[in-house]
Amino acid sequence: MIAGKSKSLNYLRVAAAWTAACVMFFPIFWMILTSFKTELQAISVPPLVVFEPTLENFTVVQERSDYMRYAINSIFTSFGGTLLAMIVAIPAAYAMAFFGGRFTKDILMWMLSTKMLPAVGVLMPIYLIAQKAGLLDTRTALVIIFAMINLPIIVWMLFSYFREIPTEILEASRIDGARLFHELRYIILPLTRGGIVSTALLSIVLCWNEAFWSINLTASDAGTLTALVASYSSPEGLFWAKLSAVSTLSCAPIVVFGWFCQKQLVQGLTFGAVK
């Protein structure tokens, strides 16, 4: 009786998981489906599921804008912002994890609280700073901004991973004469490699999806794919089929990247969960 009840509960959990996965994936599926429709088919009521697909929208996107330039900008700013953030976050998290004081948790909470600040609240000062520094419509400005806005999350995650390392290992290395740099380079980083990789992957995804700063600080030279998608919203209205096509092209690279890196991502997110 108990075994049958447990088996039924497992089936229920699997069904619930598949239902949640389908609900989450449906908007992506519908976006891809709409990208192969004509504009009339995209706004038809009831919605069309069976239709003759067309590549017209993708052709229009390629002819109207330089997709590769926007894609290269997204790659550069996402990886550059992540690299800069990791360079700052790793020493900061290391110091807080192993040399922190009574206010360490308070500092971490204060850093995390900055993510609650609406981005539009600091748009004007950051815009003026970028203008005075000659960084408007440059990838350098986006790299710096992306690194700074993701830094609280990255520091918090790395701090959690570093705290999982037994202090006995560090004490033994210090007895053997290891200095701080060697301790970080040869002990901390190898032991938390999975967590560092997963944190970097999350940062890349966050940078890739960032739209607010890309739209407000760039024009034509440094625009990312999120800015390209926003450019398809015009006073004449929304062209759903073309908007779906450019959205599909914008999402495809990061989705494929995440698919290939899912093993490292899961490994890092579950780091320290099982002792």
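E183 is buried at 0% relative accessibility (buried means under 20% relative accessible area, exposed over 50%, partly exposed in between, with a 1.4 Å probe and protein chains only). Its side chain meets that of R174 in a salt bridge, 2.8 Å from N to O, while R174 is partly exposed at 36%.

This is a predicted model: local features need pLDDT of at least 70, side-chain atom pairs count only at pLDDT 80 or more, and totals for chains, interfaces and linings use all residues. Residues are numbered from 1 along each chain as its sequence is written, and side-chain values use heavy atoms, leaving out hydrogens and water.

**Salt bridges**

- The whole structure holds three salt bridges (a side-chain nitrogen of Lys or Arg within 4 Å of a carboxyl oxygen of Asp or Glu).
- E39 pairs with K242, with the closest N and O atoms 3.4 Å apart; this links helix 2 to helix 13 (residues 240–260) across 203 residues (helices are DSSP runs of H or I, at least four residues, numbered from the N terminus).
- K242 is buried at 17%.
- R69 and D66 form a salt bridge at 3.9 Å, N to O; R69 is partly exposed at 29%, and so is D66 at 41%.

**Backbone and loops**

- Most residues other than glycine have a negative phi, and most peptide bonds are trans.
- V45 and P46 are joined by a cis peptide bond, omega about 0 degrees, and P46 sits in the loop between helix 2 (39–42) and helix 3 (56–64).
- D137, not a glycine, has a positive phi of about 60 degrees; D137 is buried at 16%.

Methods: Helix = DSSP H or I, 4+ residues; strand = E, 2+ residues; numbered from the N terminus.
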